[in-house]
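The sequence and the structure are shown first, and the description follows.

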Amino acid sequence: MGQLAEPLPSTVSDEQQKQDNTTPIKEATTSEKIQLHIDEVTLKFPTSTGTDFTALDKVSMEVRENEFAVIVGPSGCGKSSLLYLTAGLNSPTDGEIKVAGKVVDGPSAERGMVFQGYTLFPWLSVSENIEFGLKQKKMPAPERKKIVQKYLKEVGLENFADRNPKQLSGGMKQRVAIARSLANDPEILLMDEPFGALDSQTRMQMQQLLLQVWEHSKKTVVFVTHDIDEAIMLGDRVFVMGARPGRIQKVLDVNIPHPRTLDMVMEPDFISLKREILSLLHDDLSEMH
Amino acid sequence: MSSKQVSFKQLTSPQEELPKKVVLGAGTLSWIVLLSSWFLLSASDLVPTMFLPSPMDVLSTGVRLAENGTLFEHMWASIQVVLIGFIVSSMLSIPLGMLMGSFKIVQAVLEPLVNFIRYLPVTSFVPLFILWIGIGIEQRVTVIFFGVFFQQLVMISDVSRGVSKDLLHAAYTLGTSRSKVVTQVIAPASLPGILDTLRVTIGWAWTYLVVAELVAATSGLGYISLKAMRGFQVDVIFLAIVIIGLLGLLTDQFFRVLRARLSAWAN
């Protein structure tokens, strides 16, 4: 207790400057506008012993518009909880979350989410799943069809439009889930270990696909994972969390240019980042014991 | 047959699939055993025909009663009672059960009461129903309703409660409101389970039929059984039992097909 997250860069321009020195590419991809603002968010659960369990302790972080932010941390550090709070599926005990300047006070189509488990509606076909959010908005059918087509193509499932979710592989299911969220054109896309249940080959393919989709859509993404390779492969910045209580230990820039490819895992930049994240997570673990 | 021998190991391994031929064969065998033991027992002198009619007797009684029309009259009376009771019960238990499974407050209000009532024996209420409702079809329908409704309510609320919360979360983040989540997610997700519940409970409705018709009825399969007992017409009792069984099987298959059609995604 008491140890707070390392303070975030006090101003965006500081951060921007730092990046300018290393990778000029970055500037073109991220704007300065803050899309997600998490301000001293605390989440406590009552326990059977009577004392509250602190899942998140005064967590603050900012994610810029169009940025791909990755939260990495050990299991039980509250990273998924933080994402559920951002989605509005749960309320913080204390603190505030703003997305695109508006305070989050419940779930909305503006904050799309891809879940760890498979959450396609099994009674709907692939295209009907993608259409689901558009129907909620009461968008006219011809427009809906156009958007569904666009995202089917984006995730490479044009030939599976009429299939049932049950007939799809795990990777395909998550591709539909991504398309379903993006079809709604949300202000931010939240991803809760979406590839956690996939085998490592499929997982790598999905990471590449997600990066492609992200580069086309330029959405602000917050991606939660416990896989360090995945975090570096995908993220513009990696927020490293610690457990008990859940807090952000450090924010690291990933200064590896896009497009990122699979062989990057062997490069020195990648490996040194990986080493740093590993030691942060390791120190956090050994403090606990 | 020779190349596809089923081994002893296959037959005795838990959850091991068997060829369709074997499954069908085993099912047919048990029918053959049942019918032939009935046939043999009635043909022998072990049991007097007064207590056990032969299958042929039952069949010819069936033909005789079908020809003079009384069989269909009683069948129709029973079908009406079962279907009205079952449909009214289902129409109430499906929405109420879904509310009970979706909203903890509805569950908190209804569950203690329902769990008490559903263990009360239906038969003990028959005299009360006669006093309150009389001896018309309404009374018989009430017996069916009472026998089925509370069980359906509990089973359907369990089905709705079992809908994955992840699906609700996904719907919320796609812009579905809290009230629409019930109709757009919980209802379609519960459909296969609801149809399973209906399939099981229509069987119970048929079993309550005789209870409903044994007392204070003037028509129906239960009524002719009672009348036949007084006249020692065992063949008629057997006939009534067989027909109730067949009608039950028919409604069971109806719901099986309906489930396969309406919720193919869950198969």
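In chain A, strand β1 (residues 34-46) and strand β4 (residues 94-99) are paired in the antiparallel sense over five bridges. Helices (H or I, at least four residues) and strands (E, at least two) are DSSP runs, numbered from the N terminus, and two strands pair if DSSP finds at least two bridges between them. The model is predicted: local features need pLDDT of at least 70, side-chain atom pairs count only at pLDDT 80 or more, and totals for chains, interfaces and linings use all residues. Residues are numbered from 1 along each chain as its sequence is written, while chains are lettered from A and ligands numbered from 1 in the order in which they are written.

On β2(A), the bridge partner of Ile38(A) is Met61(A). β1(A) and β2(A) run antiparallel and are joined by nine bridges. They form a hairpin with five residues between the strands, and Gly50(A) in its turn has a positive phi of about 105°.

These strands belong to an open sheet of four, in the order β2-β1-β4-β5 of chain A, with antiparallel pairing. β2 (52-64) and β5 (102-103) of chain A stand at the edges with a single partner strand each, so one side of each has no neighbour in the sheet. The loop between β4 and β5 of chain A contains Ala100(A), which has a positive phi of about 50° although it is not a glycine. Most residues other than glycine have a negative phi, and most peptide bonds are trans.

## The six-stranded sheet of chain A

A further open sheet in chain A is formed by six strands in the order β6-β7-β8-β3-β9-β10, with mixed pairing. Its edge strands are β6 (111-114) and β10 (247-253) of chain A, each of which pairs on one side only. Neighbouring strands of this sheet are turned by 20° against each other on average, direction ignored. Axes are lines fitted to C-alpha atoms, for helices over the stretch in contact, and angles run from 0 to 180 degrees between N-to-C directions.

Strand β3 (residues 68-72) of chain A pairs with strand β8 (residues 221-225) of chain A in the parallel sense, over five bridges. Here Val72(A) stands opposite Thr225(A) of β8(A). Strand β9 (residues 237-242) of chain A, by contrast, pairs with β10(A) in the antiparallel sense over six bridges. Arg237(A) stands opposite Asp253(A) in β10(A).

## Loops and cis peptide bonds in chain A

The hairpin of β9(A) and β10(A) has four residues between the strands, and Arg244(A) takes a positive phi near 50° there. A cis peptide bond with omega of about -5° joins Arg244(A) to Pro245(A); Pro245(A) lies in the loop between β9 and β10 of chain A.

Another cis peptide bond, with omega of about -5°, joins His258(A) and Pro259(A). Pro259(A) is located in the loop between β10 and α9 (268-288) of chain A.

## Helix packing in chain B

In chain B, the axes of helix α7 (residues 137-161) and helix α9 (residues 178-214) come within 8 Å and cross at roughly 155°. α7(B) and α9(B) are therefore roughly antiparallel to each other; angles under 35 degrees count as roughly parallel, over 145 as roughly antiparallel, 65 to 115 as roughly perpendicular and the rest as oblique. The crossing of α7(B) and α9(B) is right-handed. A crossing is left-handed if the near helix is turned anticlockwise from the far one by less than a right angle, and right-handed if clockwise.

Helix α10 (residues 221-230) and helix α11 (residues 234-262) of chain B pack at an angle of about 160°, with their axes 8 Å apart. That makes α10(B) roughly antiparallel to α11(B). The crossing of α10(B) and α11(B) is left-handed.

## Annotated spans

The UniProt annotation "domain: ABC transporter" (unreviewed entry) covers residues 36-268 of chain A. UniProt positions are given in the numbering used here, feature names are shortened, and annotations may be inferred rather than shown by experiment. Over residues 36-268, chain A is 32% helix and 27% strand, and the end C-alpha atoms are 31 Å apart.

For chain B, the UniProt annotation "domain: ABC transmembrane type-1" (unreviewed entry) covers residues 75-255. Residues 75-255 of chain B are 85% helix and 0% strand, with the end C-alpha atoms 20 Å apart.
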